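Please open the structure in your viewer and keep the selection tool at hand. The tour moves from one selection to the next and says what is there.

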Amino acid sequence: MQSTPHLDVLPPLVEAGKSDELVESGRTLLTAVSPLNDSYGVFPALLLEKLATRSKSTHSDERNVYFVSSKPPPSTERRLESIQRSIRKLALDYVNFAKECWIHTSRMSGETNQATADHYRSLYTCLSLFTILYLPEYGLENAPVGDDLMEWLNIHFIEPSTEEGDHLSSLERPWEDETFWPYLTRAILRGLSKAVTFFLGTLSEHPSGNLRRLAQSIIPLLSTQPKLQHFDAERDFAYASHRWKEKVKMLRIELDDVPESDRRDSFEDWWDRFSDIVGILEGREEVIRKVCEELGADWREVCVAWGVFVDTRLRRQDLPDVAAQVLEDMPPDPTILEDMVHVALFMGDPLKALEHAAHLDPWLSAHLADMMEPLSLVEQAVNDETELSVRDFSVLSYAHYLHSDPAMWRITVSYMYSCGKVGAATADEILVRVPLRLQSKPSNANDGGDSQGDLSAVVKDVNATCREYQREAARRVVCKIAAQTFVQRREYGLAISYCSSAEDWPGLGRVIDRVLREYIHSGPEQYTKFISGIAPSLQGLRVNSAAHGVFIHRLMFAVRYAEFHQRLLNRDLQDAAWDLVSMLQEGIAPKAWWAVLLCDAIELLQYDPTPLFSYASACVLLRRLDEIISRTAQGAGEDYLKILEAKRQADGQKDIQKQLQLVRFALAKYFARCAMIGTGGTQMVPRKMDQTV
């Protein structure tokens with residue numbers, strides 16, 4: 001492709017013929033070449049001498065920078081060609097798909113399969129006709145359409161039947177059979193030259209010499225009928241067709257010269273039959289209509305024969321006029337949806353075609369509309385009431401049809417997301433309602449939440465779909481729903497993971513509270529198993545800048561409290577004591593849990609072999625106990641004793657104050673013991689880890 005001699009930019013930097021004004025203003029044009037492609041950056045700049053005299057304090061004004069290509073953009077014709085070629089390829093893919101489905105289902109036995117095969121055959125005929133009429137090869141839009149339509153008719157509506165031909169070919173004198181002339185006439189009407197040549201050849205044995213002569217004259221005429229695809233130019237085709245029609249006229253003259261006495265044989269008025277055949281070749285529309293009615297043919301055959309014999313240069317834009325004329329005398333059956341789609345396509349009415357196609361099969365309507373819009377066959381404008389274009393309405397209707405099967409949600413939303421804001425909003429609602437329990441089984445509570453099942457796989461698929469179509473709000477809603485479902489299944493690790501993915505920090509807090517309640521109702525052993533599935537999430541949440549600190553703090557307590565009980569179960573009492581004191585001293589433990597931790601400390605305070613708490617650590621416990629008692633006396637007991645009360649009720653005990661008195665008694669004994677140690681008792685056992693409480 002040659003480079004352009006000049007570059008045009010809008011708005012213009014310099015008006016045509018006014019470059020001197022640019023120089024007088026002390027400016028010039030500079031360009032910068034892109035290192036990636038053949039584009040340039042063009043911008044105005046001061047001349048060097050003006051630049052030297054400009055005040056340093058003067059700030060430069062904002063200037064436009066134009067990005068232009070050294071290559072001319074594709075022409076409108078080139079763009080249209082590219083669009084049409086790509087859509088034609090897509091249409092042919094649809095045609096082949098419908099054809100393969102028809103062939104596959106037709107090979108299967110059963111009434112249901114036969115009905116399905118007939119349905120796919122209808123889709124095949126409609127898509128093929130649409131491709132022929134509206135998506136011809138580029139450059140052939142204005143070419144005669146008769147031969148293409150005849151090929152379509154012979155492929156999809158086979159007449160005469162093969163059985164008829166086999167029957168006649170088995171006869172010694174086939175002209176004596178009542179089906180001979182109808183078969184021969186139909187074969188000529190359909191352009192089946194091989195069959196016509198064979199059966200005309202059998203007339204060489206006919207007793208009438210005139211018929212034998214006429215049959216031999218018409219055979220080369222039929223075999224030389226001009227076809228558009230055999231010519232490089234339409235003008236040559238038109239000239240050949242004209243000369244061929246002249247030969248047909250000569251055959252008519254020859255036929256009219258046959259005497260009346262020799263126009264019948266003992267079985268048929270052969271002259272009248274032969275005259276109809278010649279009338280078809282002459283392109284006489286009244287003969288074609290009469291013959292089609294006698295043969296039981298419909299309006300399609302008349303319209304197609306019109307483009308082959310009556311008007312050999314019939315173009316696509318002229319076909320609606322012919323179809324309207326034919327349909328006045330041969331109306332279609334309105335109960336046959338396939339025929340109604342064909343009528344609309346012949347009449348050049350895409351909207352009507354979509355309407356009938358929607359009743360035939362929503363898939364057909366959606367994909368026809370999808371191809372019609374870029375071809376400007378239907379309006380691209382959005383309807384004010386529905387907020388949908390014609391194309392989007394058809395595609396969205398098909399998507400709603402698909403949604404009748406929830407398992408097809410993936411392909412459903414893919415169609416919906418191509419339908420503007422309305423389709424996107426509808427698809428969002430479907431994604432957040434995808435059934436997450438497909439083939440999933442509740443996990444056993446004893447597995448600690450390790451079994452993900454099929455539920456996690458479904459959620460991952462939904463998440464991936466949301467990311468594919470950039471639907472972040474819908475993705476977060478799905479993650480929230482998934483988190484709630486995992487909580488119900490007691491898979492708390494996954495629940496926290498999805499809360500974090502949705503950035504649902506209040507939800508995260510509720511999950512943590514639910515896990516902490518497992519300690520109250522299931523005991524420390526089961527609680528530690530649940531926490532083992534949660535602990536890995538803590539590190540990821542700590543580095544998440546969006547995570548709210550209060551919820552991370554609560555999760556830290558849940559993990560530390562589980563570690564504390566795990567040490568108790570392992571009889572690692574010294575470290576357990578250090579953990580308990582640090583949770584209280586560092587403010588990790590919520591106030592509502594202080595009383596529970598102090599009750600847990602009773603066992604450690606009463607450990608005989610060696611004291612587990614330093615004097616300072618025991619003072620921490622005492623201060624927390626005093627605060628609980630004093631605040632309870634002031635009416636704030638709900639803030640400090642709620643968890644302990646729930647724990648005692650779960651254990652079948654209700655006397656909370658008695659439990660607190662036991663803590664105070666244990667601390668009193670421990671302080672007495674510390675005093676004795678200070679006068680010569682055993683020393684405190686240091687913690688194994690280098691950590692100070």
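**First stop: helix 15**

Select residues 337–346, which form helix 15, where nine of the 10 residues are buried, so this helix is largely enclosed by the rest of the structure. Here buried means under 20% relative accessible area with a 1.4 Å probe, protein chains only, and helices are DSSP runs (H or I, at least four residues) numbered from the N terminus. This is a predicted model, in which local features need pLDDT of at least 70 and side-chain atom pairs count only at pLDDT 80 or more, while totals for chains, interfaces and linings use all residues. Residues are numbered from 1 along each chain as its sequence is written, and side-chain values use heavy atoms, with hydrogens and water left out.

Now colour the buried residues of helix 15, among them M340, H342 and F346, and then show what covers them, including helix 4 (111–134), helix 13 (299–310) and helix 16 (350–360). Just after helix 15, select G348, which takes a positive phi of about 70°.

**Next stop: the largest cavity**

Select Q225, P226, F237, V308 and T312, which lie nearest the centre of the largest cavity among its 14 lining residues. A cavity is a set of points on a 1 Å grid over the protein atoms alone where a 1.4 Å probe fits but cannot get out, and lining residues have an atom within 4 Å of a point. The volume of the largest cavity, about 120 Å³, is the space filled by probe spheres set on the points, which are joined across faces, edges and corners. Helix 10 supplies the largest share of this lining, with four residues.

Notes: Buried means under 20% relative accessible area, exposed over 50%, partly exposed in between (1.4 Å probe, protein chains only). Helices (H or I, at least four residues) and strands (E, at least two) are DSSP runs, numbered from the N terminus. Contact means heavy atoms within 4.5 Å. On a 1 Å grid over the protein atoms alone, a cavity is a set of points where a 1.4 Å probe fits but cannot get out, and a pocket is an open set with protein on both sides within 12 Å along at least five of seven lines; lining residues have an atom within 4 Å of a point.
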